[in-house]
Amino acid sequence: MEKVWLEAQGNIEKVLTPQTFNTWIRPIRFGSATSSSLILEVPNKFIKEWVTEKYLAMIQEAVSALAETPCQIEFRLEEKTGDGKAVDLAQPGEKSGSPTGREKTRPGDPTSNLNPKYTFETFVCGSSNQFAHAASQAVANKPASNYNPLFIYGGVGLGKTHLLCAIGNQIHAKNGKARVCYYTSEKFMNEMINCIRYKKMDEFRNKFRKMDVLLIDDIQFMAGKEATQEEFFHTFNSLYESHKQIVVTSDKFPKDIPQLEERLRSRFEWGLIADIQPPDIETKVAILKKKAELNAITLPDDVAMFLGSSSTSNVRELEGMLIRLGAFASLTGNEVTLTMAREVLKDIIVDKSRDVTVEMIQKYVADHFRIKLAEMKSDKRLKTLVVPRQIAIYLCRELTKASYPEIGEKFGGKDHSTIIYSMKKMERQLTQDLELKTTIENLRRGLLS
Ligand code: ADP
Ligand code: MG
């Protein structure tokens, strides 16, 4: 069946543009097959979603034409080494050596399991993660001095793994000889089980005990796993006694991890416990901008704001939206725009702005500038009226689906060309006038909250 897939891939290549093919189809690998199904492996879930949506039928057809019997196609994510849960941020099909900041990330130590992309440089610090960020930096700058162990806790996708790896990468960058080791607690457990089975426990113990820095991710998975906890407890003690740094992360506070042995819990409480809270809109927007920069995606402010104001606080999900958008833009050869974002992400972002109407905007902006609603809709050319009117029109275009004629109608029966003129003027001014930009951002935020 592998041959069938390769041949089918070759046939698909003939009908797609090289860019589309390289982006979406080339990364798909043969996984396994049964008599009636073909399992294909894709590198990440964005490719998986996209290919399922756009190319499944084509793939199905290409394969069926070559296979002797009808065949069901299934996609599966490729297994990754290291932090298996981390989404690979490389743009699908991205060429190596992109002129972005990605080179700035250090290669890291291949034996440490650290994800080299997760560094302090690529981490955005905001009020929600300030404390954990500062604690992590303190530990990275002076391991095993003040905060040992460091316990980082916070919800899914809030940056725990990123910070944990950033600590390891920084220590390693400063001192290439430091033995740094990143393990998820699951991997710790699996390896331990294997070593027990093959009677290699001494090796297992020695390996961990000679580390200078031990980073254990998602410690909550050890809940209820007594033998693993026991082993980890001894590893912990041995490292701690020899003044080695330990950092663990968890999605819960130590006290709230069920079935965590008391003695382990109290060990965690010896050190510093730092939390990461869900990011606010400003931080979400800042993270999105950073990720866009790292992935060479041009992300206009209004789009960043649109993504940032979505209800999710899971940064991984936000990144997913961004990558999807970037991929769409590059595939279609267009710039990322708000209209495109709305369309591409319509199933993902519950668009709050759907509830915003022209009338609401008129009233809100009029109130803000303390003018009358009638003045907002009038033709009076006073500057104190023109500016609010143009801002309101701009926001109507941005936040509602109203067309130019509809907006014109609701602004006292203006011609649609007047509305277009007003929009153009605003767009031009926005590129020069920071105060205006801030005013609009505040109004937009007020309207969406
Ligand atoms: P967790 O381990 O808490 O579930 P991760 O560390 O895996 O979360 O973060 C999920 C994704 O979000 C990663 O790609 C990470 O780079 C990104 N991320 C989270 N917080 C930030 C931040 N403050 N700055 C930059 N990227 C972030
Ligand atoms: Mg994690």
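Mentor: A contact means heavy atoms within 4.5 Å. In this predicted model, local features need pLDDT of at least 70, side-chain atom pairs count only at pLDDT 80 or more, and totals for chains, interfaces and linings use all residues. Residues are numbered from 1 along each chain as its sequence is written, and side-chain values use heavy atoms, with hydrogens and water left out.

Trainee: What share of the contacts with a separation of 6 or more joins residues 24 or more positions apart?

Mentor: Those residues account for 70% of such contacts in the chain.

Trainee: How many helices and strands does the chain have?

Mentor: Helices (H or I, at least four residues) and strands (E, at least two) are DSSP runs, numbered from the N terminus. Here there are 20 helices and 8 strands.

Trainee: Which residues are closest to ligand 1?

Mentor: Near means that a heavy atom of the residue lies within 4 Å. The shell holds 18 residues, and the closest are Gly-157, Thr-161, His-162, Lys-291 and Glu-319. Helices α6 (160-174), α11 (281-294) and α13 (315-332) each supply at least two shell residues.

Trainee: Which side chains make polar contacts to oxygen atoms of ligand 1?

Mentor: For a ligand, look for a pair of N or O atoms within 3.5 Å. A polar side-chain atom of Lys-160 lies 2.8 Å from a ligand oxygen; for Lys-291 the distance is 2.7 Å.

Note on methods. Chains are lettered from A and ligands numbered from 1 in the order in which they are written. A polar contact is a pair of N or O atoms within 3.5 Å; within protein, one must be able to donate a hydrogen and the other to accept it, and residues adjacent in sequence count only if both atoms are side-chain atoms.
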